[in-house]
Amino acid sequence: MTISGRRSPLAMAGTPMREEDGLRPVELVTDRLETPSLDDRKYRVIRLPNQLEVLLVHDPETDKASAAMDVNVGSFSDEDDMPGMAHAVEHLLFMGTKKYPAENEYQKYLSAHSGSSNAYTGSTNTNYYFEVSAKPSNDEEPSATNPSALLGALDRFAQFFVEPLFLASTLDRELLAVDSENKKNLQSDQWRMHQLEKSLSNPKHPFCHFSTGNLETLKTLPEARGINVRDKFIEFYEKNYSANRMKLCVLGREPLDVLESWVSEYFSDVKNKDLKPNRWADEVPLPKDLLGIQCFAKPVMDSRELNLIFPFLDEEFLYESQPSRYISHLIGHEGPGSIMAYVKSMGWANGLSAGAYPVSPGTPGLFDCQIRLTEEGLQNYKEIIKVFFQYVALLRETEPQEWIFEEQKGMADVDFKFKQKTPASRFTSKISSQMHKPLPREWLLTLGSKLRKFDAKLIKEGIACLRPDNFRVTIVSRDMPGSWDKKEKWYGTEHSYETIPDDFMEEIRRAAACPAKDRVAKLHLPHKNQFIPTKLEVEKKDVKEPAVAPRIVRNDELCRTWYKKDDTFWVPKANLIVSCKSPIIYASAENSVKARLFTDLVRDALEEYSYDADLAGLQYSVALDSRGLFIEVSGYNDKLPVLLEQVLITMRDLEVRDDRFNIIKERLSRGYRNWELQQPWQQIGDYSAWLTAEHDHVVEELAAELPDIAADAVRQFRKELLSQMHMEIHVHGNLYKEDALKLTDMIESTLKPRKLPRTQWPIQRSLIFPPGSNYIWKKTLKDPGNVNHCIDYWLYVGDKADRHLRAKTLLLDQIVHEPCFDHLRTKEQLGYIVYSSCRASATTYGFRFIIQSEKTAPYLETRIEAFLVSMATAIREMSDEEFEKHKRSLIVKRLEKPKHLDQETSRHWSQIQSEYYDFESAQRDAAHIRPLTKSDMVGFFNQYIHPASPSRAKLAVYFVAQAKSDVSTKQITELVKTLNLNSDDASAQAATDLQARLSAADHDVKKEVEGLKDYLLHVLKVPEGKIDAAIEAWKKIHEQQNGLANGIVKDADPPSSNGTKPFFIEDVRTFKAGLVVSAGARPVKDLSEYEDLDPKL
């Protein structure tokens, strides 16, 4: 929907309007956008002659410039017999353009200018975005004659949409990357359950598509049909990518006219094919014949959920009233009178969420209610469904309440008015994706968050969608019904489904129609929210330079309070953090578990009370940190003391009820089990931290203690925990020093702890790895279905407080980051998860690589070391110009300013919690990076990093997968071709099954042949003649491509380039006992320098 037809003046002198080409000049759509009250940016929406719509943003304060392009094509546009096409094109688009043919030119340029990039493929859109340093290399303000790195980035970025090459040399690698990405998700319940929902939907609507794709769908099967897949991807691009289907957002420090001229220059060449906007109006995802169904699905993790899904309204053009917001607010409410409050009181549920989500333009949305069940709730899922429909009956008979809408509208208005900036690329990516919506362009920045019109009729229409004849239900559990007779095609999720039994459907109908007198008496509409903020004043003062550090306003034997009045963001918000230092929590694994149960019980007790606060923009947390108990309250400062007081009282007076304790304990037990079923790369860091810390516990130790802990033990532990402590408090935001002191007094007077003598404060220390260390610790992963191994390869550098070593390690990360990704992921295709980074422990510093792969950890280690050898040469031969670019890029990153209040609070708190109190660490790091020379880095690398260095200290953590993928897709493809199966579906299923069976034979050709014969005879029922031919074909394939040649490395010996023999850690206690412990963390300067103890304001 276009608002303004005004045309802009010539954007920049010297930039022709190209009227001679028969094209219109750049059109100004609007420059009058609705903005938050403190927004200092300037905005302009333009349309280029090729109909590409662009939002330009001038931000005079940003550290990072950014651009994002959103294309109105996604997985819904995939061809039915080639799922994943849109996703594959997203990957391939980065691999070289006619103007910049080098495949990593774009990434190299970004990396050299403090930048990064990413992309994602959605159902109806593909989003590409980057960010880069916003200032030129001379550190002056950018302009047309003194451009920032944004200019070069836009030039390279635009070429993806002008003339991409789809380089044939990169095709197989990128399809392997897509395949690796899919394998990463195969054991994720979130992906599995979403795909199950899609696979059980209408096959005539693209909602059913398998969006990610894999090597089979994108290469193996199409090539078996004689299709040139590269040509197919180019055809998809040519058919779907058009300027009039694209939305671009560009943000930088440059004036709007300069940004407009650059966009006009680089993006006017994007072809406009006048394609119609993608709409799907002919079919719906859930027609009547797919409703009234109950599906039982078995998850990977031990979880229990009840999901109700309803076909809903199409809200595409209802952006002013958004009726689903009213309905989901009430159904998803957790306060008194709500569905959640009732089912929780019955011991049936741990959580509930509800809301509508759009499917695609032209298609009505879906309304979803998800309830996380207890064990008893699983047995009573039918009762919960009836309670849901009783609440809907209450909504149906009650006229929509305008005061509820006005309360929602008021909070949405306040949130938008005081909305703070988000990181540049997050902003551009989000806005560009929303620009396809039919919002008036003046309202673009609200992203549909504001409510503008109360429409009772539409709310009633939405409620009318929540009917017994208009839904289906999914019960997710590893226990119910206990057997599942079907497997979902793409992820293998075990499930079964059936029509909801007639007698149960009749009960649901009665619940949906029951009068008030027959309903559960505890169900009612919510009361007015007492947490809605009313005092939103902010005293803004002129500040030459914001203060870098908070001040200490109280410092005694009981507590130390840090305070900083917000002098940067000027929002009516504040953050308060309390760290209750206590030595007893981490004295044993048992105590850690009791402390965790205590914090979980506190949050459980506060759930109803705190829900209103959460709706009103006020959140809290009670958890554990590295020193003891952690309490945080944040949000609008008006009612912050009210919520804080209730949190403290609940902690102090917590009644540990046996029924809630049992539910929380069971939930924690599942949490521990599920933690070990996560993706390997998400687990591995905890084990590395455990092996480098003086005191720490891993999940197995915690899980072993849990069964023996009773409610009485937690009751007693609560008293011990709160009886004695030292509290460190941080107050930051729209509060005065007097407020900070009053809040401190409230904490002290409510909890009433005894002081913990300074000599008993916990000391944070790490283990020191001696020169020449070469340790390996190995663990077999718990998930039997996971095929991915993982390695965390960590090189010890030294003392975290040594600024010279820190600076060199940070610069190494800057130099290595892009080549690591390009070499180990893009070129070697070791796996989808490949990255390098600095890694700090409590008191030490190091450098790490993490790779998750189907290849084994020892083999991955050999590839990391080969890469490091190549990097030694690359650093030595690097030009001075490139070296200086890396330094500047790193300095820009380190000096990046916080974007919002929470980010600044986080920075302060990380220094307080670390006990270094190094509030100027970024500035000091930058000062130590500036003088570094290439010679310094060569010497550093050769001592601490180079695999051949005799003084290098290394710890490698190996994760070993139980499942195997020892047979390559290429081998399976050749085998399946010999079978001449009737359909792609049959071929895909056979390939999946055979890869698993043949891998399980562990390269024993006799076992492979037996498994192959059994499968062909009994599953595929292939004629004898074909079986013999297939066996002979497999034997030849096996001989030709056995061992390493098939691309899957069976194993390798751990490398020992420097002559030190790898030492496998068998006993962690003995290992730790053999290492020296570092000094504890100490303040970088005397804390008295931060003190401001004068009670006067």
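**Note on the predicted model**

1. Ala589 sits in helix α17, residues 589-615. Helices here are DSSP runs of H or I with at least four residues, strands are E runs of at least two, and both are numbered from the N terminus. Ala589 is buried, at 12% relative accessible area. The cut-offs are under 20% for buried, over 50% for exposed, and partly exposed in between, with a 1.4 Å probe and protein chains only. Neighbours within four places in sequence aside, Ala589 is in contact with His697, Glu701, Leu702 and Glu705. Contact means heavy atoms within 4.5 Å. The C-alpha atom of Ala589 is 41 Å from that of Ile929, 340 residues away along the chain.

2. Ground rules. This is a predicted model, in which local features need pLDDT of at least 70 and side-chain atom pairs count only at pLDDT 80 or more, while totals for chains, interfaces and linings use all residues. Residues are numbered from 1 along each chain as its sequence is written, and side-chain values use heavy atoms, with hydrogens and water left out.

3. Overall build. The protein has 34 helices and 29 strands. Its radius of gyration is 30 Å, close to the 31 Å that the globule rule gives for 1097 residues, so the protein is as compact as a globular protein of that length. The radius is taken over C-alpha atoms, and the rule is 2.2 Å times the number of residues to the power 0.38. Along the principal axes, the C-alpha atoms fill a box of roughly 90 × 80 × 75 Å. Of the 1097 residues, 59% are buried. Among contacts between residues at least 6 apart in sequence, 81% join residues at least 24 apart.

4. Annotated spans. The UniProt record, an unreviewed entry, gives "domain: Peptidase M16 N-terminal" at residues 54-204. That span is 36% helix and 18% strand, with its end C-alpha atoms 34 Å apart. The record places "domain: Peptidase M16 middle/third" at residues 416-704. Here the chain is 39% helix and 18% strand, and the end C-alpha atoms are 47 Å apart. The record also lists "domain: Coenzyme PQQ synthesis protein F-like C-terminal lobe" at residues 811-909. This span is 63% helix and 18% strand, with 25 Å between its end C-alpha atoms. UniProt positions follow the numbering used here, feature names are shortened, and annotations may be inferred rather than shown by experiment.

5. Leu624. This residue lies in strand β18, residues 618-625. Leu624 is partly exposed, at 28% relative accessibility. Beyond its neighbours within four places in sequence, its contacts include Ile585, Tyr586, Ser592, Ala595 and Arg596. His908 is 284 residues away along the chain, and its C-alpha atom is 18 Å from that of Leu624.

6. Lys934. Helix α29 covers residues 934-945 and holds Lys934. Lys934 is partly exposed, with a relative accessible area of 21%. Neighbours within four places in sequence aside, Lys934 is in contact with Ile875, Arg876, Glu877, Met878, Asp880 and Phe883. For Glu877, 57 residues away along the chain, the C-alpha separation from Lys934 is 9.4 Å.

7. Backbone points to check. Most residues other than glycine have a negative phi, and most peptide bonds are trans. Ser114 has a positive phi, near 60°. Ser114 is in the loop between α2 (105-112) and β5 (116-121), and is buried at 1% relative accessible area. Tyr917 also has a positive phi, about 50°. The loop between α27 (901-914) and α28 (921-929) holds Tyr917, which is buried at 3%. Met480 and Pro481 are joined by a cis peptide bond, with omega about 0°. Pro481 is in the loop between β12 (472-476) and β13 (486-487).

8. Cavities. A cavity is a set of points on a 1 Å grid, over the protein atoms alone, where a 1.4 Å probe fits but cannot get out. Grid points are joined across faces, edges and corners, and a volume is the space filled by probe spheres set on the points. There are 8 cavities of 30 Å³ or more.

Terms used:
On a 1 Å grid over the protein atoms alone, a cavity is a set of points where a 1.4 Å probe fits but cannot get out, and a pocket is an open set with protein on both sides within 12 Å along at least five of seven lines; lining residues have an atom within 4 Å of a point.
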